[in-house]
Amino acid sequence: MSEPRQYPGVMVSSTFADLREHRAALMSALQGRQLFPVAMESDSALPDGTVLDSSLRKVREAAAYVGIVSHRYGAVPVCAANPDGLSLTHLEYREAVRLGRPILIFIMGPGHPVTVADVERDPVKQAKLDAFREEVKLADGELQRVYREFTSLDDFAVGVTQSVADLRGLLEPGSPAPEQSLYARPRYLGSHPFVGRQEQLTTLSDWASEAESRTVLLFEAIGGTGKSILTWEWINHYAPGVRDWAGRFWYSFYEAGAVMADFCHHALACMTGRPLSAFTGRSQAELGEELLRQLESRPWLLVLDGLERVLVAYHRFDAAQVLDEDAGSSDEIGDRHPCATIRPEDEELLRRLAAAAPSKILISSRLVPRVLLNQASQAVPGVLHQRLPGLRPADAEALMRGCGVTGDGSTMRAYLQRHCDCHPLLTGIVAGLVNDYLPARGDFDAWSEDADAGGSLDIGELNLVQKRNHVLREALAALPDASRQLLSTLAMLSEAVQYDTLSAICPQLPDLGQAVADLERRGLLQYDWQSRDYDLHPVVRGVAAGELPAEQRQILGQHVVDHFSADVHSRYGTIAGLEELRGHITVVRTLLQMGKLSEAFRSYTRGLGTALHNLEAAQEVLSLLRPFFGPDWTSQLPPGELALLWADMSSAFDKLQEHRKALELATAGVVAHLEMGDVLQVAGRLADVSVSLYNQNRLARGHAVAELGWRLSEDVNAVRARFGSGLQLYRSLARMGRDDEADAVWARLAKSGLVMGGADLARAEHLFERGLLEHRDLDRIDADGERFVVRGVHRLRGRLHLDREEWAAAAEEFETIIGMARRAGVPSLWDDGALLLARLHLGRLPDPAAEIALLPSGHLLLPELWIAAGEPDRAVRPALDAHAFAWADGEPFVHRYQLTRTEGVLGELGVPVPVLPAHDPDHDPELPCEAAVRAYLDVAR
């Protein structure tokens with residue numbers, strides 16, 4: 001008889017309260033490598049001397065030591081054995097050093113998000129913490145003792161996964177090589193055991209073999225069919241035996257903040273062993289190139305779970321609650337194809353992934369991305385498209401029995417086939433109904449024959465989506481009142497929450513624990529042991545939200561609003577990222593679900609809208625504001641409030657380069673405010689119209705609107721209205737190179753006392769184009785929390801460095817800009833080209849032509865890039881295109897700086913400057929809103 005396998009113990013050492021999630025990630029990584037975490041949680045209530053003895057004994061008994069050092073020093077045992085007053089973590093570390101144990105140290109970097117409570121404030125302890133941090137860094141560079149800095153929980157998870165794999169090899173050098181590592185963000189949380197699916201498992205393994213040429217396998221199915229659990233089962237238990245993978249990577253798009261750029265960050269961190277921070281400042285095109293190089297060099301296995309979340313059909317505030325029948329038919333916000341990606345650059349990356357052999361990419365999705373289908377709706381080359389059916393009847397029966405249900409097998413199979421199509425989620429829910437059948441718990445035969453229970457179900461003629469929804473509604477109707485209230489409350493949220501939040505938003509439930517246990521037993525509520533989050537399956541959330549009666553929606557929604565309102569930010573200027581706004585966003589979303597548009601409007605306009613604008617969170621603005629409007633963009637809000645929301649959406653559309661939609665909403669705002677006689681707002685909205693026209697390169701019309709807004713604000717004689725209109729007029733004049741007129745307008749603006757942020761940036765851009773800008777001018781600009789101003793300052797610094805051929809400094813600036821843009825989800829095409837130009841001159845582009853070719857054909861820096869790459873012939877067409885763009889509407893409505901620059905490039909290339917027509921007013925009629933404003937001015941005078 002063989003001896004039981006002994007797993008090496010690894011001491012987990014750190015402070016506790018501030019590092020709960022980090023410790024959970026570390027222990028999960030250790031267990032995944034068959035290492036046993038040795039932790040001190042169970043000793044926390046012992047006397048100090050006993051705690052220290054127990055702690056050091058655990059270090060001595062462990063085969064290795066892993067320490068996490070945060071911004072807190074931790075508990076200091078008061079006993080004779082600790083005369084220096086060192087913390088428990090510090091003492092554990094020194095004991096591991098004394099014993100010569102292999103040591104891994106993870107140090108929290110200065111950029112890691114922390115709360116005030118998680119920062120050491122005791123000056124004596126702070127000094128000891130500083131000394132401890134320096135002590136643990138004294139590594140000799142060998143695996144026996146190494147340290148690594150991390151700047152986020154995700155960064156830590158990546159580092160732990162890699163380092164623990166190396167540690168396992170050190171502890172058992174004679175053992176067989178461990179399985180290829182799996183890095184998951186996050187680990188999948190299933191609601192029931194995996195059963196069956198042998199046909200699909202075989203398909204997956206056949207596809208993953210070297211003999212199969214197709215790189216992508218896409219499983220398409222409605223929600224709850226088991227796409228995630230199937231792919232998770234296969235990547236964990238079957239894929240390692242198919243071939244020798246370089247590594248396995250799982251990424252779920254159901255998580256908050258999950259987008260293709262973030263997927264690239266994590267995939268590259270997993271593949272290269274570098275920290276996440278190494279990739280955050282790079283363009284998606286560049287990330288995609290590096291990702292493809294990795295995929296083409298070695299066989300990696302990547303899983304993209306829930307890819308529908310990056311598609312237009314799910315670009316809405318209630319994406320977590322969208323039912324299959326409501327998705328895929330239209331765009332809720334604009335005029336995009338519902339199966340197109342929200343971010344255009346994602347389509348290019350998906351297209352290229354289909355050719356990334358020898359690696360394999362497994363995708364699960366409710367919808368098929370348009371880019372992976374041809375015009376005949378067939379999969380493009382390199383893609384295997386499979387529709388995932390329900391379970392085989394025998395497997396559905398096995399799932400029922402695995403949930404504790406008994407009964408006649410043939411009866412069970414026939415019932416599940418007729419009423420559920422053996423849909424896995426429905427099968428699990430039916431099992432919950434049977435187990436809760438009070439006359440005979442768990443007895444399928446008795447339940448199915450009871451006319452008041454399973455016998456009442458007659459849905460065989462419905463399609464699968466209708467069957468699924470019907471069974472779910474039956475399950476909801478059978479819930480006890482407390483369980484139904486808890487489920488309904490969770491359905492109103494978009495994300496998972498922890499127990500303390502559950503308790504706060506369900507104050508009316510005296511026995512919350514019993515309701516939680518009931519929902520878990522029925523398969524309706526999921527719990528993640530690692531993150532300690534409670535969550536609903538998307539299908540359960542969607543059906544439950546749709547079934548909530550209006551009265552209950554008001555009561556339960558108010559609990560959610562009350563809780564998150566108490567937690568919202570009051571100082572929006574200090575907001576660093578969207579995560580800090582989650583509570584306030586939840587308040588607005590919940591009020592919208594309650595039908596309280598006016599309250600939602602007030603909540604949005606009390607700082608949230610400004611904060612989202614400052615963060616350049618255009619995608620979030622559009623998804624949050626769209627529910628205020630009907631299909632025709634009308635609303636029950638008063639016209640003035642409606643027009644203000646139009647203005648915010650117009651600005652968001654402009655940021656995302658949807659300029660026609662932006663113009664449509666901006667002009668509607670002008671008309672609405674004019675009809676109300678709110679002339680101050682009319683002036684502001686005219687500035688928005690001018691911006692949208694400029695973004696369409698309609699300089700003449702944009703300038704005419706800017707002049708009209710200036711004229712209107714002069715008549716009103718309101719300082720702020722005049723400043724906003726004057727600033728847009730100044731930008732227009734500066735753009736056309738009418739410097740004297742622009743300076744005269746600026747002189748008036750400067751006297752207002754309102755110049756700051758965006759206005760200072762506009763002035764700096766004008767000075768740059770005239771060759772008058774210095775770095776010290778940029779030092780004086782106060783961004784006041786506005787990200788677009790911060791990016792603008794970095795861009796001007798980068799342009800100054802480019803003009804002075806300071807390539808390394810320029811590259812640093814544009815890397816910063818692109819990182820900011822990616823985090824905000826806004827385009828940065830010009831900056832992408834500028835970064836390429838700097839890197840080209842630095843010799844950092846292995847294949848310049850390939851990199852340049854990735855830029856869109858109309859990119860204004862293409863001529864300079866091709867010249868710098870030594871291919872002037874390829875610069876001619878882009879130079880002519882750039883000249884035509886700079887000419888815009890024709891003299892005098894031209895981009896003066898760009899025109900002068902492109903004429904110089906054409907001269908360098910020996911190409912004659914084209915003779916283009918001057919501006920023709922007859923081909924540029926005024927907008928209807930202009931005519932309405934002019935009529936108003938004529939009457940007013």
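Student: Is Asp924 buried or exposed?

Tutor: Asp924 counts as buried, because its relative accessibility is 12% and buried means under 20% relative accessible area, exposed over 50%, and partly exposed in between (1.4 Å probe, protein chains only). Keep in mind that this is a predicted model, where local features need pLDDT of at least 70, side-chain atom pairs count only at pLDDT 80 or more, and totals for chains, interfaces and linings use all residues. Residues are numbered from 1 along each chain as its sequence is written, and side-chain values use heavy atoms, with hydrogens and water left out.

Student: Where does Asp924 lie?

Tutor: Asp924 lies in the loop between helix H38 (896-909) and helix H39 (928-940). Helices (H or I, at least four residues) and strands (E, at least two) are DSSP runs, numbered from the N terminus.

Student: And which residues is Asp924 in contact with?

Tutor: Leaving aside neighbours within four places in sequence, Asp924 is in contact with Arg698, Ala700, Arg701 and His919. Contact means heavy atoms within 4.5 Å.

Student: Let's zoom out. How many helices and strands does the chain have?

Tutor: The chain has 39 helices and 13 strands. Of its 941 residues, 55% count as buried. Among the contacts with a separation of 6 or more, 70% are between residues 24 or more positions apart.

Student: What pLDDT does the chain average?

Tutor: The average is 83, and 89% of the residues score at least 70. pLDDT is the predictor's confidence in each residue, from 0 to 100. Residues 1-5 have a pLDDT below 50, and this stretch has three contacts in the model beyond near neighbours in sequence. Residues 139-143 are also below 50, with nine such contacts. Where pLDDT is low, the predicted coordinates should not be read in detail.

Student: Good to know. Now helix H7: how many of its residues are buried?

Tutor: Helix H7 (residues 227-237) is mostly covered, with 10 of its 11 residues buried. Those are Lys227, Ser228, Ile229, Leu230, Thr231, Trp232, Glu233, Trp234, Ile235 and Asn236.

Student: Switching to helix pairs, how do H28 and H29 cross?

Tutor: The axes of helix H28 (residues 719-735) and helix H29 (residues 739-750) come within 9 Å and cross at roughly 160 degrees. Axes are lines fitted to C-alpha atoms, for helices over the stretch in contact, and angles run from 0 to 180 degrees between N-to-C directions. H28 and H29 are therefore roughly antiparallel to each other. Angles under 35 degrees count as roughly parallel, over 145 as roughly antiparallel, 65 to 115 as roughly perpendicular and the rest as oblique.

Student: Which residues meet there?

Tutor: Arg722, Phe723, Gly726, Leu727, Leu729, Tyr730, Leu733 and Ala734 in H28 meet Glu741, Ala742, Val745, Trp746, Arg748 and Leu749 in H29. By class, the contact has 10 nonpolar, one polar and three charged residues. Ala, Val, Leu, Ile, Met, Phe, Trp, Tyr, Cys and Pro count as nonpolar, Asp, Glu, Lys and Arg as charged, and the others, Gly among them, as polar.

Student: What about H24 and H26, at what angle do they pack?

Tutor: Helix H24 (residues 639-655) and helix H26 (residues 679-695) pack at about 20 degrees, with their axes 11 Å apart. That makes H24 roughly parallel to H26.
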